[in-house]
Amino acid sequence: MNGLTTGFPILTLLTVLPLVGAAIALFSGKHARGVALLTSLACLVVALMVWTRLPADGSIGLVELHPWAPSIGIDYHLGVDGLGALMLVLSAIVTLMSVDAAHRVHHMPGLFYGLVLILEAGLFGSFTALNFFHWFLFWELSLIPAFFLIKLWGGPRRGSAATQFFIYTMAGSVALLLSFLAIFLATGSMDFVQLAAMAASGALSQMVTAHLGAVMPWLAIGVLAGFAVKVPLVPFHTWLPAAYAEAPSPVTMLLTGGMSKMGVYGLLRIALPIFGVQIAAMRTPLLVLAVLTVVMGAWAAAAQKDLKRVFAYSSVNHLGYCLLGIFALAVPVYGAAAQASQAAALNGVILQMFNHGITAAAIFWFIAMIQFRTGGLRGIDDFGGLRNPAPVLTGLMGIVLFSSLGLPGLNSFVSEFLIFRGVFPLAWVAATISVLGLLVTAIVILTVIQKVFSGPVPEHWANFPDLHHSEKVALAPVIALMFIIGLAPRLILDTINPTVVNLLAHWRF
Amino acid sequence: MGGLRADMPLTFATYAIAMLALCGFPIFFSGFWSKDGILEAAQHWSVAKGPFYLLVFGAVLTAFYMMRQVSYVFLGYWRGRKVAHESPAVMTLPMTVLAFFAMALGLIGTPAWPWFHAFLEGRAATFDLRSFAQPAWLMLLATSSLVVFLGLGLGWWFYGNKSPQPEEPDALEISAPWLWAPLHDRLYVDEFYGVTVIAFFAWWARVADWLDRRVWGGIVVAVAWLFGLWAQFNRFLDVNWVDGGFDKTCEELSSGGGLLASVQTGRVQNYLRILAVAVVALAIILFWSSRP
């Protein structure tokens, strides 16, 4: 392929920026947090610039394409549409939140903030790469800083949690890699855009079958396995509660706010465009797993006593809605009404990725604040009546919790509503059972509010310190964002809807 | 509380209007007209008459408990310690507005001018005072009024102007303890939910957690264990077969080397002796094999 760069290589700049910041942070000792704050702020500005420069028709823009190793099908191919750009903005926001939350890292701060920024680069790289090799590089690259962040700064059982997280994700990645090697052997291409076009025309399946026999469904399963672990999909999720609970809370924010979206993004950018027909053929079992993810995630959250584990399972539940939407729309549809349902579900899925990222990261931010004030306590029964000594903390965390619950007027309501609006006509049984997840989540979150914030105040928490000024200032934009998206979702939907229409027009089930 | 009508007259007046509207006091209050409409619809429902009688019974109870409540709060005498005072305008003004509509809103739902009904059905309302004179409607008016007065009267009979002390038993508890006990325990509805829905919720949450830890987690542990077993097996192969074979070869090579080394003594005389023996042996072989 010939080299092609439309305008300034802003996506390359975005990926390189945190790497440069990481290199500086590594050697700046106690000033590392300042370096990380500045870097992640700059990244947010660049990500927002990307967001405003998308093509109006929802296609992939800001393309950078250069031959890298043409003999083995590897190009340096970058580009984003509404989906990719929204994930870039989300990653930038979540990293900024995480750096802000991590203000008491005394143990090797340079390395800590350096790894956080490398993780950000991994997120940016995987949300912009359009060639498998290039994308896989960043997909794996993001694992390494995450592993060390858990392993070096985590809780008491960090060792096994980090190892389980790493091996689990690696196992999924190996399946993914094998599938793509087979695809490359059959087609000679690793380019997502080319492969998607081949899949849409039916040529991909023919070429693979001619070269390797009827393995296409197995390749689809391999790719799905890689993403199922990352999102996660029940029953491939058992690494998650341990990793989320043992990771230091700022890192948990990155895991849930950023890295879990890599899996959903992969399903939308890679799995559905290239393996749409195969996924449509496996739709029913996949829907069963998605419903299990929604319902069992919520119920498992109800049984937890550790706040971080509660919200780890709650994350499983919330990403379950994304999976439900994705698998429900993977079906050939006829007629304008069914197409509108598909579009509603996909809009909902993409917006839910963003909303969950913001909301879940904010919840773990609050948990970090509570832990900081109590010397690390985070049991659901360790508190009570905190609304008396800490009314501002209670009020703001209450808003965030109600956002997670899906209260109308706040962000998550819009995306969950869109998902159910889309899924119901396409797979009403799955949608009906999944509604249970909404109910159980509401019970879980109200129980948390009741046990932590209501009731009598234990004597030793009578002087529980409320939020101080800098915390309020840092939280205000995030909470404002929840209201803005909840009240004016078109700010985001107007940009992602063209992408949704464009994607659905090119997918073949 | 008690006797608040004297200390908070405006609150009492607005509350009384609201309470009478809620009970469906005839003619002057909006609640009457809406309740009337519902009762009328229930009466004409051809499938079953049960809902109509339940509604009538519910209306009696509403009037009864509202009368009880007003008696406790506004009638009788003051039982509290502090002095009660009327609310500021920021509260009384909205109360007055609401009380006004609690009466006035009835105007849009009377049979003579059923504006709201017509609005819902998307047609224009007609004004016709003769609708009041229909016998069916008059019957319903009588029933409805009877129901309200029955409830209010019962409430007054049990609770009017008594203001018992908080520790005293309820008037109903004294006269009908068999009825009071289940009512006091809220007809055991909470208990029923506790042993059904809530128990199921908690049990199923534990099941979900157990599935996670034991089944899904157990499969992961089992896979890890199988990998460990496979690794042990490989180690066994490596140590005993691969390494063992390699070691054995090395051993044989080195012992063979030792054997050869014992020949390689470095003494020229020995070498010459071996050479001489070899030459003689070769000569014998050649001589032997070249025989015709």
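The model is predicted, with local features needing pLDDT of at least 70, side-chain atom pairs counting only at pLDDT 80 or more, and totals for chains, interfaces and linings using all residues. Residues are numbered from 1 along each chain as its sequence is written, while chains are lettered from A and ligands numbered from 1 in the order in which they are written.

Chain A has 20 helices and three strands, which are DSSP runs numbered from the N terminus (helices H or I, at least four residues; strands E, at least two). The radius of gyration of chain A, 22 Å, is close to the 23 Å that the globule rule gives for 509 residues, so chain A is as compact as a globular protein of that length; the radius is taken over C-alpha atoms, and the rule is 2.2 Å times the number of residues to the power 0.38. Of the 509 residues in chain A, 58% are buried, that is, have 20 or more other C-beta atoms within 10 Å of their own, with C-beta atoms placed from the backbone.

Within chain A, the buried residues of α17(A) include V414(A), L418(A), F420(A) and L426(A), and what covers the buried residues of this helix includes α14 (307–329), α16 (391–405) and α18 (428–453) of chain A.

Turning to the partner chain, seven residues of chain A are in contact with 10 residues of chain B.

How values were computed. Two residues are in contact if their C-beta atoms, placed from the backbone, lie within 7 Å. A residue is buried if 20 or more other C-beta atoms lie within 10 Å of its own, exposed if 12 or fewer, and partly exposed in between; C-beta atoms are placed from the backbone.
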